[in-house]
Amino acid sequence: MKDPRQAWELQSSRLAGRKVPAACPDGKLLNYARFCKIGESISELHRKIGHDRLLVIQLDDLARYPERVMLSVCNFLCISDFKLSEYGVRNKGVPPRSTLLAQTLKLLGFLRLELGIRPLGIASLLARFNRSNGGDVVIDGAFYDQLSDYFRSDLDILKGLVDFDLSHW
């Protein structure tokens with residue numbers, strides 16, 4: 001599904017087992033309202049394992065300052081610092097041209113494994129053809145405001161747990 005608003009609005013149907021994509025094993029995995037509450041998740045982790053045993057890293061920091069983040073991870077784990085020779089992006093997610101084709105190829109792959117059929121390379125060729133040039137998902141202003149209102153209390157929880165500037169969130 002390419003429209004985030006539509007995916008958001010389908011949550012209750014999917015929780016009830018309706019309108020779940022064929023490649024998704026359980027509609028509960030599409031419960032964005034629950035799984036995107038980062039503040040609640042980190043708060044629960046703090047309660048379970050303690051604040052000092054959890055290192056929270058912002059993806060933005062990892063993208064901008066990978067070496068600095070890597071050193072902080074080494075320090076947190078009490079291991080010797082080390083540097084990678086390169087900190088480039090690997091396996092960048094790219095949306096498919098056709099979601100239906102991508103889901104079909106995924107299901108055929110599972111079926112092939114279950115039946116013990118040797119791969120011929122046709123599915124890999126089709127999957128490569130099905131890759132788009134990417135592109136950012138655009139969220140319109142009204143939907144952005146709706147999400148901001150929904151997640152505001154969770155963001156307040158998160159602000160109390162981490163030492164990050166979250167003003168752009």
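Q: In this predicted model, is F151 buried or exposed, and at what relative accessible area?
A: The cut-off for a buried residue is under 20% relative accessible area. F151 falls below that limit, so the residue is classed as buried, with a relative accessible area of 17%.

Q: How many aromatic pairs does a search of the whole structure find, and what is the geometry of the pair formed by Y150 and F151?
A: The search of the whole structure returns three aromatic pairs. In the pair of Y150 and F151, the ring centres are 4.9 Å apart and the planes meet at 85°. Planes over 60 degrees apart count as edge-to-face, so the geometry of Y150 and F151 is edge-to-face.

Q: Which residues are linked into a cluster by ring pairs, and how is Y150 classed by accessibility?
A: Ring pairs join W8, Y150 and F151 into a cluster. Within it, F151 is buried. Y150 has 35% relative accessibility and is therefore classed as partly exposed.

Q: Which residue lies over the face of Y65, and at what distance from the ring centre?
A: The limit for a charge over a ring is within 6 Å of the ring centre. The residue over the face of Y65 is R68, and its distance from the ring centre is 4.2 Å.

Q: Where is K19 found, what is its phi, and is the residue buried or exposed?
A: K19 belongs to the loop between α2 (11-15) and α3 (32-35). Most residues other than glycine have a negative phi. K19 is not a glycine, yet its phi is positive, at about 60°. Its relative accessibility is 59%, so K19 is classed as exposed.

Q: Is C74 buried or exposed?
A: Buried means under 20% relative accessible area. C74 has 1% relative accessibility, so the residue counts as buried.

Conventions
Residues numbered from 1 in each chain as written. Predicted model: local features only at pLDDT ≥ 70, side-chain atom pairs only at ≥ 80, totals over all residues. Heavy atoms only, no water. Phe/Tyr/Trp six-rings, centres within 6.5 Å; stacked < 30°, edge-to-face > 60°. Buried < 20%, exposed > 50% of the residue type's maximum accessible area, 1.4 Å probe, protein only. Lys NZ or Arg CZ within 6 Å of the ring centre and 35° of its normal. Helix = DSSP H or I, 4+ residues; strand = E, 2+ residues; numbered from the N terminus.
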